[in-house]
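Please keep the sequence and the model at hand while reading.

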Amino acid sequence: MLRTEHKGLHQSLLTAVQQAAIDTKVLVSAVKKVEWTDPLLFYAAAKQFGYTERFYWSDPEQHIVFAGIGSAFTIANSSQKRFQDTQNRWQQLLNRVIVHGPAYSFGTGPLLFGGFSFDPLKQKTQLWETFSDTVLVLPSFLLTMKEGESWLTINQLVGHDDCAEDLYERMQNMEEQLLQHSRQPLSEQGSVIVSQHEVQTKSWMEAIQAVQSEMKQGRVQKVVLARELRLTAENEFDSALIVQALRIGQPDCYIFSIDYQDTCFLGATPERLVKKEDQLFTSMCLAGSIGRGNTEEEDEQNAAELLQDEKNLVEHRYVVDMIRKVMTSVCTEVNIPHQPGVMRTKNLIHLYTPVEGRGGCNLFEMVEKLHPTPALGGTPREEAMELIREQEDLDRGLYAGPIGWIDYKGNGEFAVGIRSALIRGANASLFAGCGIVESSQPHMEYEETKMKFKPMLSALGGSMK
């Protein structure tokens, strides 16, 4: 017997079966309000049912927190026109969608989550073999928490030869099991780190000197160089426990996790790339940093020093100029303060400038125009990217790439995938980088990356030596 509250869903499935062509499926997306459920426990529950795709996201203000389980539809490719191709494939799917449930709410309904690699032209290594340059997934089950309420979206592709009754019962049964298991607390058994290795530190320091030689010749003004720290644990890392540690330890950051085919990229990043809600775009310039003080007085001194430091101000200005140029090219209104302020995270103080603009371009187009900002690549962009390919040993993969989501109304948000780690079994690779300018001192840049490793290292159970 059909459950009363889902008669509309059953009808949507019947309609989808009738509308589906022999070679074209119809997407049914059903949204309903559910009893309050912690998205992290929902995320953790997926593992018990053998799902190899699960996702977690929360913004710093906790306006939107969601967890996705499974894959109803996946975009995974390495196309050179990846942003445009992704937009086209997403729109093609949405041309044949039936959305059932309450009126549209930001962050519910059909929604893609995932990310793009930092540089599709960089030579690939085994480190990132699981991920294509584009990996965006429409979860089969999406739990969204906003304004203290929980919403569940179920997504199902329906073919012309599917049985609506069977699909309905299967979807309902899985929903009930997932929500039931989402009441179970997380395991308290974390991982014990048995080895810790900084990868190719010497060659990273030499790369700094190499790009500074190019700067002296006037080829570039800034290049961001990143490096890797590898960890091995006694037992497999549990990404749910790591996300929990990040939620506690880095509450002022975006927390994300992309668990994809038994490999997980996750992190706590302070940096938004861009958010779109209707016609409003919001971004930020985040470049230039200094460590937190041990006392409130020392912290204020550090912030004041950062606001006067010419090297960091120059770094920051490159980002502001680039984002202003992009925004003014596609927006009718742009608001950017003339002077930066500071943003404090647990371990660092950053120079920070908020950005707003109003315009009509789609979110993927804006992501493509903004990525990578000089905070992650350098300036000029193309020359800096070429030097990163030449001098940086690291295969960045999704590190420093756009990580986020987009819904069926074209709204969404992408952050920059820094302060992050790639986890496979009992092995983890952590990533950190810093902006190199002509006046940079290699040993100081090395110490800066050590500070940037700390958030993820602490969440994984390690410590910086």
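Which residues lie nearest the centre of the largest cavity? They are Leu286, Ala375, Arg419, Gly433 and Lys452, out of the 25 residues that line the largest cavity.

The model is predicted, so local features need pLDDT of at least 70 and side-chain atom pairs count only at pLDDT 80 or more, whereas totals for chains, interfaces and linings use all residues. Residues are numbered from 1 along each chain as its sequence is written, and side-chain values use heavy atoms, with hydrogens and water left out.

**Cavities**

- The search of the whole structure gives 2 cavities of 30 Å³ or more, where a cavity is a set of points on a 1 Å grid over the protein atoms alone at which a 1.4 Å probe fits but cannot get out, and where lining residues have an atom within 4 Å of a point.
- The largest cavity holds about 270 Å³ of space, a volume being the space filled by probe spheres set on the grid points, which are joined across faces, edges and corners.
- Two or more residues of the lining of the largest cavity come from each of strand S11 (222-233), strand S15 (280-291), helix H8 (310-330), strand S23 (427-436) and helix H11 (442-459); helices (H or I, at least four residues) and strands (E, at least two) are DSSP runs numbered from the N terminus.
- S23 provides the largest share of this lining, 5 residues, and by class the lining of the largest cavity has 11 nonpolar, 6 polar and 8 charged residues, with Ala, Val, Leu, Ile, Met, Phe, Trp, Tyr, Cys and Pro counted as nonpolar, Asp, Glu, Lys and Arg as charged, and the others, Gly among them, as polar.
- The second largest cavity has a volume of about 60 Å³, and its lining residues include Gln250, Cys253, Arg419, Met451, Lys452 and Pro455.
- Strand S18 (348-359) and H11 are the elements that give two or more residues to the lining of the second largest cavity, and H11 gives the most, with 3 residues.

- The largest pocket contains about 410 Å³ of space, a pocket being an open set of points with protein on both sides within 12 Å along at least five of seven lines.
- Of the 15 residues that line the largest pocket, Ser289, Lys311, Asn312, Met444 and Glu448 are the closest to its centre.
- At least two lining residues of the largest pocket come from each of S15, helix H7 (296-308), H8 and H11, with the largest share, 5 residues, from H11, and the lining divides into 4 nonpolar, 5 polar and 6 charged residues.
- About 320 Å³ of space lies in the second largest pocket, whose 15 lining residues include Arg82, Pro120, His371, Pro372 and Glu382 as those nearest its centre.
- Helix H3 (82-94) and helix H10 (381-391) each supply at least two residues of the lining of the second largest pocket, H10 giving the largest share, 4 residues, and by class this lining has 6 nonpolar, 2 polar and 7 charged residues.

**Aromatic rings**

- Rings of Phe, Tyr and Trp (its six-membered ring) pair if their centres lie within 6.5 Å, with planes under 30 degrees apart counted as stacked, over 60 as edge-to-face and the rest as tilted, and the count comes to 16 aromatic pairs.
- One of these pairs, Trp128 with Phe265, is edge-to-face, at 5.3 Å centre to centre and with 65° between the planes.
- This pair links distant parts of the chain, 137 residues apart, since Trp128 is in the loop between strand S6 (111-116) and strand S7 (134-138) and Phe265 is in strand S13 (residues 263-269).
- Trp128 counts as buried at 3% relative accessibility, as does Phe265 at 0%, where buried means under 20% relative accessible area, exposed over 50% and partly exposed in between (1.4 Å probe, protein chains only).
- Ring pairs link Trp128 and Phe265 into a cluster with Phe131, Phe256, Tyr260, Tyr399 and Phe431.
- Arg54 lies over the face of Tyr43 at 4.3 Å from the ring centre, and Arg227 lies over the face of Trp204 at 5.6 Å; the rule asks for NZ of Lys or CZ of Arg within 6 Å of the ring centre and within 35 degrees of the ring normal.

**Cysteines**

- The structure holds 0 disulfides, a disulfide being a pair of cysteine sulfur atoms within 2.5 Å.
- Cys264, buried at 4% relative accessibility, has its closest cysteine sulfur 17 Å away in Cys253, which is too far for a bond.
- Cys285, buried with a relative accessible area of 0%, has its closest cysteine sulfur 13 Å away in Cys331, again too far for a bond.
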